[in-house]
Amino acid sequence: MSIFEFNREEEILKLRRGEFMRGAVVGLAEAAAEGKVLAVLQVLRLWGDVPEYAKGRIEKETDLSLLEEWLRMAAKAESIDSFLIQSGLSEYRNGLADGRAQAVLDVFKMRWDVPEDVQNAVLSQSDLSLLADWLKKAVEAESPEDIFQEIVQWREQNSEAEMEKIERGMPQEWKREAKKKAEEMADERFHIPAACEPEC
């Protein structure tokens, strides 16, 4: 057989080998990614429950270098929250929450006139499961009164707790600056003189 003759069996073997190699590379990469995903989640679970949105996002990742970076961050983190902030996953969550809140509001607006306090309460909400519940109710409710009342009540009941949580998480220097600025704003708004005698 001359070098110009076509060897069908040999070419088929080459094609099969090439396909096998591509499949093996993809399979090994996926297995490596799955292993890294499990490792990241196992380390994070040492700090407590991993939020569903974060777990879902981590499980979807296939970039080995990013998973390696997340694993290093998880090992050095002081808490789940610190990992989520450092990894950028808290921003991912905020994006999800913003999108879901806007979806709730869009459905409301398609069906009813939405009072401003309800709009503000929906847009300030970041609890993904609660927003999912509100979205379901926005689609299924026959009238808006009950769901609107629930939303406003939720905000009233939780706004103080949220403020306390935010305040606890602020560095001391931020608290001092924020308190100083808040006092200035309050004095300006309510026209309280800077040096007020006890009788005033």
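Predicted model: local features only at pLDDT ≥ 70, side-chain atom pairs only at ≥ 80, totals over all residues.
A residue counts as buried when its relative accessible area is under 20%.

Now let us turn to the aromatic rings. Searching the whole structure turns up four aromatic pairs. In one of them, the ring centres of Trp134 and Trp154 lie 6.5 Å apart and the planes meet at 85°, so this pair is edge-to-face. Trp134 belongs to helix 7 (residues 128-140) and Trp154 to helix 8 (residues 145-169), so their pairing ties together parts that are 20 residues apart in sequence.

Phe108 and Trp112 make another aromatic pair, this one tilted, with 6.1 Å centre to centre and 40° between the planes. Both Phe108 and Trp112 are buried. Together with Phe148, they form one aromatic cluster.

Helix 5 (residues 89-111) packs with helix 6 (residues 116-123) at an angle of about 155°, and their axes are 8 Å apart. Because that angle is over 145 degrees, helix 5 is roughly antiparallel to helix 6. On the helix 5 side, the contact includes Phe108, Leu105 and Lys109, while helix 6 brings Gln119, Val122 and Leu123. Sorted by class, the contact has six nonpolar, two polar and one charged residues.

One last stop involves a charge and a ring: the charged end of Arg57 sits over the ring of Tyr92, 5.8 Å from its centre.

Note on methods:
Residues numbered from 1 in each chain as written. Heavy atoms only, no water. Phe/Tyr/Trp six-rings, centres within 6.5 Å; stacked < 30°, edge-to-face > 60°. Buried < 20%, exposed > 50% of the residue type's maximum accessible area, 1.4 Å probe, protein only. Helix = DSSP H or I, 4+ residues; strand = E, 2+ residues; numbered from the N terminus. Lys NZ or Arg CZ within 6 Å of the ring centre and 35° of its normal. Axes fitted to C-alpha atoms, helices over the stretch in contact; angles between N-to-C directions. Parallel < 35°, antiparallel > 145°, perpendicular 65-115°, else oblique. Contact = heavy atoms within 4.5 Å. Nonpolar A, V, L, I, M, F, W, Y, C, P; charged D, E, K, R; others polar.
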